[in-house]
Amino acid sequence: MSAEKKLAELGLALPTPATALANYIPAARSGSLLFVSGQLPMRDGALDPACRGKLGADLFNEGGQAAARLAAINVLAQARAAIGSLDRVTRVVRLGGFINSAPGFHALPVVMNGASDLMVAVFGDKGRHARTTVGVSELPLDAAVEIEAVFEVA
Amino acid sequence: MSAEKKLAELGLALPTPATALANYIPAARSGSLLFVSGQLPMRDGALDPACRGKLGADLFNEGGQAAARLAAINVLAQARAAIGSLDRVTRVVRLGGFINSAPGFHALPVVMNGASDLMVAVFGDKGRHARTTVGVSELPLDAAVEIEAVFEVA
Amino acid sequence: MSAEKKLAELGLALPTPATALANYIPAARSGSLLFVSGQLPMRDGALDPACRGKLGADLFNEGGQAAARLAAINVLAQARAAIGSLDRVTRVVRLGGFINSAPGFHALPVVMNGASDLMVAVFGDKGRHARTTVGVSELPLDAAVEIEAVFEVA
């Protein structure tokens, strides 16, 4: 099934992607690889307040998954803006997940599943990707998660 | 020399690679690049207890190197499972090393050498790679290190 | 304009790049992609003392930007050493920025702009890149920042 149709079926309207406010861009293509800049759980141009702070202190597994899902929605929005349609994605190659973690919080993969599950919901088997998930001490805007991606595109 | 023969000569039996327990996969190929998901120092399906905790507190340089080497062995196991034989690796392109570090621990490159040295032991000059090594605050399962890789494959 | 001419116009003499002191290399090419290892704000073979420590404690926005710029200069030096001339760079694809952050320091993108701005100063529009910026707990040599890169090269 078309990824764009699947998005519609899921009732997912991708947001207008955030403009980069500096000398970088949201996504850069080289050959068939599209590198998407690290995305935060933004909504309507601002960090979603429910997605601020540290996992294990300010939010927990389910809240973290929702934050990872929202960041991944922004990844998709940037990819679509760069290539015109998600139907041009031939596979999701890699996700990098950075989780803003309080000391002792180790359930990082659980949180990151919020992003991975979205990719498979939208792209099916083509959405299965390599991924790296780590806990970091600080993120921009005190976001709970940051997600970057590499897509293969036609 | 063949990388598979070199493995045998080194007495290194690669483990049965861990199955990803979520909507991601251990390695994803696009063109001639194979992206391997971040691997932990797992042994027999569980985190090696000697490889748990923070560098500079729970384990130190030599223990960290052993953890990095074990994580890199798992990287090789995943790569072989994905492409059938390590002899199809034409070069190791990049390693990313994330070191679970206690405050004030800066000997991150020393730890990461455990992974880099393994690559050169197995692949010779083709094993020399770009790498990035950083200290992070938390890792899945409280692992001491996490290693990801990009290989060029034929 | 030629990137090499632009460097000269900016009065930027790239340093002799640091030699990797282990089984990794400063940059690895695969096809048209050049992966540059994480670089620190080194000057004359040692970490610049003004670029040591944590953002938000030992140095602040402007000092961090200078550290990011210096690390990015070392990225360029390594790229030139690998491919002979920066004029062979057809685009800057991705920067990864790791910022050594004290608790509560969130102005990570401001710091990272020191690296991004340099790329656009040297390469013009070809210098606009995808990027990921995160705060980490420790870096090699207690450096304030570490920058890695992917370039597309001819």
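I start with one pair of residues: in strand β7 of chain B, B:Glu148 is the bridge partner of B:Gly96. Strands here are DSSP runs of E with at least two residues, helices are runs of H or I with at least four residues, and both are numbered from the N terminus. Two strands pair if DSSP finds at least two bridges between them.

A word on the source. Residues are numbered from 1 along each chain as its sequence is written, while chains are lettered from A and ligands numbered from 1 in the order in which they are written. This is a predicted model, so local features need pLDDT of at least 70, side-chain atom pairs count only at pLDDT 80 or more, and totals for chains, interfaces and linings use all residues.

How confident is the predictor? pLDDT is its confidence in each residue, from 0 to 100. Chain A has a mean pLDDT of 95, with 99% of its residues at 70 or more. For the model, ipTM is 0.95 and pTM is 0.97.

Back to chain B. Strands β5 (residues 89–100) and β7 (residues 145–153) of chain B run antiparallel and are joined by nine bridges. They belong to an open sheet of five strands with mixed pairing, in the order β1-β2-β7-β5-β6. At the edges are β1 (27–30) and β6 (130–136) of chain B, each pairing on one side only. On average, neighbouring strands of this sheet are turned by 15° against each other, direction ignored.

Two helices go with this sheet. Helix α2 (residues 61–83) of chain B packs on it, touching β1, β2 (33–39), β5 and β7 of chain B, and makes about 40° with the direction of β7(B). Helix α3 (residues 108–123) of chain B lies across β5, β6 and β7 of chain B, at about 160° to β5(B). For these angles, axes are lines fitted to C-alpha atoms, for helices over the stretch in contact, and angles run from 0 to 180 degrees between N-to-C directions.

In chain C, look at the hairpin. β1(C) and β2(C) have two residues between them, and C:Gly31 in the turn has a positive phi of about 60°. The two strands pair in the antiparallel sense over four bridges. The bridge partner of C:Arg29 in β2(C) is C:Leu34.

Next, how are chains A and C related? A rotation of 120° with 0.0 Å of shift along its axis superposes A on C, with RMSD 0.0 Å. That is the relation of a three-fold axis.

Now the contacts, where two residues count if their C-beta atoms, placed from the backbone, lie within 7 Å. Chain A uses 23 residues against 26 residues of chain C. β2(A) gives the most to this side of chain A, with four residues. Towards chain B, 26 residues of chain A meet 23 residues of chain B. β5, α3 and β6 of chain A each supply at least two residues of that side.

Last, A:Pro49. It sits in the loop between β4 (46–47) and α2 (61–83) of chain A. Buried or exposed? A:Pro49 is exposed, because 9 other C-beta atoms lie within 10 Å; the cut-offs are 20 or more for buried, 12 or fewer for exposed, and partly exposed in between, with C-beta atoms placed from the backbone.

Technical notes. Copies are superposed by least squares on the C-alpha atoms of residues with pLDDT of at least 70 in both. pLDDT is the predictor's confidence in each residue, from 0 to 100.
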